[in-house]
Amino acid sequence: MADPKMTPHTQTVLRTLLGRSADGERRTVVLAEGLYGLELSKATGLPNGTLFPLLERLRQAGWVDRYWENDDIAEAEGRPRRRFYRLTSKGADLAPQALAEAMVTAANVQLGGITRPGLAGGTA
């Protein structure tokens, strides 16, 4: 599957899964273990109907992995198991570059100078 489209929602989810808004220690945990669905929803502010289809597209593109937590942990805490989402090695490698490119594109659009290679002056 092709790389995911870098919509604002996709960018928010990727930044969250990269642990960008967290301190260094938390970032390591997020990259290694991921975040469970409700945690991701709260962190991104995205409703389930937006978040989970987006996570599925990222999973199909090979950027995100999902897994169920151990039954013993959930039982010990007296709750249902949680499904966790984390970046794959491919996602961890490609997401920072994709986010940087999306920032440049957004800046160009805001300034009204959408770059078009091949045209004199490089802008439209």
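Helices here are DSSP runs (H or I, at least four residues), numbered from the N terminus. This is a predicted model, in which local features need pLDDT of at least 70 and side-chain atom pairs count only at pLDDT 80 or more, while totals for chains, interfaces and linings use all residues. Residues are numbered from 1 along each chain as its sequence is written, and side-chain values use heavy atoms, leaving out hydrogens and water.

**Packing against α4**

- The axes (lines fitted to C-alpha atoms over the stretch in contact, with angles from 0 to 180 degrees between N-to-C directions) of α1 and α4 come within 10 Å and cross at roughly 75°.
- That makes α1 roughly perpendicular to α4 (65 to 115 degrees).
- On the α1 side, H9, T10, V13, L14 and L17 make the contact (heavy atoms within 4.5 Å), meeting T50, L51, L54, L55 and L58 of α4.

**Packing against α3**

- Helix α1 (residues 8-18) and helix α3 (residues 37-44) have axes that come within 10 Å and cross at roughly 115°.
- Here T12, V13, T16 and L17 of α1 touch L40, A43 and T44 of α3.

**A closer look at V13**

- Not counting residues up to four places away in sequence, V13 touches T44, L46, L51, L54, L55 and L58.

How values were computed
Helices (H or I, at least four residues) and strands (E, at least two) are DSSP runs, numbered from the N terminus. Angles under 35 degrees count as roughly parallel, over 145 as roughly antiparallel, 65 to 115 as roughly perpendicular and the rest as oblique.
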